[in-house]
Amino acid sequence: MSEASEPTTPAFVDPLRTPAALGRRAGRPEAPGDGLQDLTDRVRSFIDHQVIPVEREIETDPEVRTGLRAAARTAGVFAPSAPRGYGGLGLSMLEQADVLEESGRSLLGPLVMNCAAPDEGNMTLLEHGATPAQRERYLRPLATGDVRSAFAMTEPAPGAGSDPAALTTTAVRDGDDWLIDGSKWFITGADGAAFFIVMARTGADVATMFLVDAGSPGLSVGRHIPTIDAGFTGGHCEMVFERCRVPSSAVLGEVDRGFANAQVRLGPARLTHCMRWLGVARRAHEIMLGYVVERELFGHRLADLGLAQHLIADNEIDIAASRSLIRTAAATLDKHGRANNETSIAKTFVSEAVGRIVDRSVQLCGGQGVSHDLPLARFLAEVRPFRIYDGPSEVHRWAVARRAVRRYEAARRGGQGSAEFMTRDPQGGIRA
């Protein structure tokens, strides 16, 4: 069976996706009702009918990619995360949940729709932290899809990785300019990026973000780090800064506020990753369902055998739970601007659930599951690193546990007791 003819289940109306279930959007009293459902349906149709049939060509033929980006604009599904003033759809986090999930049904869907990492997260950061001049120079071409970008924070050991405080790249003043020195690695999308958002240490315990153009003297992009995944345009690259000179106008946000500014990007970016990867998992699940309802063995359809039904049910449960956690975190971000605990919980659960869903789908499709006649084997390789990217599951669990202990201790000092601790949330979400 070819990839283009993979079995799928028909589209259906999910009760969790109705306008009434979407909650409130930041900045206005209600979500846009039927308009958002229509957008979600159009994204699903665009991905299924225009992107999936030519997935392999998208990776190898730039003209196919360019044509599909034009088609995405025509369909009104281009740049859903970008602000409206810069040509995007300006969706809130909660509104993005369904749209980005549908975009993720193809590994190349987010790229075609201009809502892929790292550009999508960088647009959020530029929208909130850039000056008007910086937005025109960097955000506008990024939102229109004319350029790509990268976020340069991760460093080789002993530098910053899961612990940003270990940052070793430095930036020091030199007159009206800054000189950046250091090494970065695993910088997604670095090859071909027009500019970089660079995190550098500017004091003992502080950092600053800088906007650095590709080709700047002292900046070099090195090798692509070989990884099991291959779905990120521009690869995961090494970078070196050797007295890379940038003007003071290159500072993004405030000097010495880099760690705080990073929170504007990191929480939403890890959540939009969850949305897109859940789309991949859903497609894997649908491919598997198309297989098990047709495959007969031992005198029964595979779909009617108890062990198979157990795996199918577990997939359904993981999908439903992932959606719920994504929506909870998205609503909290829209309301408060920060949702560190909610996004950590969602990222940890969804990254692991997506792996389970794809793995079960491979298992139930048997030989075809591990072949390249179906895309499931590719999906399995692509989703495995998600448990590491945007913070390993273990680091998020550590952070969630520390917050839980601190909340309990604070509640006990205040005489509120454990019952109050289990229900009270100063940010409005549900915590336990």
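**Close-up views of a predicted model**

**View 1. The surroundings of Ser106.** A polar contact of 2.8 Å joins the side chain of Ser106 to that of Glu55 in this predicted model. Ser106 belongs to the loop between helix 4 and helix 5. Its relative accessible area is 1%, so Ser106 counts as buried. Beyond its neighbours within four places in sequence, Ser106 is in contact with Glu55 as well as Ile47, Val51, Ile52 and Arg283.

View 2. In soluble globular proteins, nonpolar side chains tend to be buried together. Which residues does Phe46 contact, leaving aside its neighbours within four places in sequence? They are Val51, Leu68, Ala71, Ala72, Val77, Val112 and Met113.

View 3. Helix 6 covers residues 119–129 and is mostly covered, with 8 of its 11 residues buried. The buried residues of helix 6 are Asp119, Glu120, Gly121, Asn122, Met123, Thr124, Leu125 and Leu126. The loop between helix 5 (109–113) and helix 6 contains Pro118, and the peptide bond from Ala117 to Pro118 is cis, with omega near 0°. Asn114 is found in the loop between helix 5 and helix 6. The phi of Asn114 is positive, near 60°, in a residue other than glycine. Is Asn114 buried or exposed? Asn114 counts as buried because its relative accessibility is 2%.

View 4. Most residues other than glycine have a negative phi, and most peptide bonds are trans. Ala79 has a positive phi, near 55°. This residue lies in the loop between helix 3 (62–75) and helix 4 (93–103). With a relative accessibility of 0%, Ala79 counts as buried. A cis peptide bond is found between Ala157 and Pro158, where omega is about 10°. The position of Pro158 is in the loop between strand 1 (149–152) and strand 2 (170–174).

**View 5. The packing of helix 4 with helix 9.** The axes of helix 4 and helix 9 (residues 306–336) are 7 Å apart, and the two helices pack at an angle of about 145°. On the side of helix 4, the residues that meet helix 9 are Met93, Leu94, Ala97, Asp98 and Glu101. Their counterparts in helix 9 are Arg323, Ile326, Arg327, Ala330, Ala331, Leu333 and Asp334. Which classes of residue make up the contact of helix 4 with helix 9? There are 7 nonpolar and 5 charged residues, and no polar ones.

**View 6. Confidence along the chain.** The protein has a mean pLDDT of 89, and 88% of its residues reach 70 or more. Over residues 1–32, however, the pLDDT is below 50, and this stretch has 63 contacts in the model beyond near neighbours in sequence. Residues 418–432 also have a pLDDT under 50, and for them the model has 25 contacts beyond four places in sequence. Where pLDDT is low, the predicted coordinates should not be read in detail.

Terms used:
Residues are numbered from 1 along each chain as its sequence is written. This is a predicted model: local features need pLDDT of at least 70, side-chain atom pairs count only at pLDDT 80 or more; totals for chains, interfaces and linings use all residues. Side-chain values use heavy atoms; hydrogens and water are left out. Contact means heavy atoms within 4.5 Å. Buried means under 20% relative accessible area, exposed over 50%, partly exposed in between (1.4 Å probe, protein chains only). Helices (H or I, at least four residues) and strands (E, at least two) are DSSP runs, numbered from the N terminus. Axes are lines fitted to C-alpha atoms, for helices over the stretch in contact, and angles run from 0 to 180 degrees between N-to-C directions. Ala, Val, Leu, Ile, Met, Phe, Trp, Tyr, Cys and Pro count as nonpolar, Asp, Glu, Lys and Arg as charged, and the others, Gly among them, as polar. pLDDT is the predictor's confidence in each residue, from 0 to 100. A polar contact is a pair of N or O atoms within 3.5 Å; within protein, one must be able to donate a hydrogen and the other to accept it, and residues adjacent in sequence count only if both atoms are side-chain atoms.
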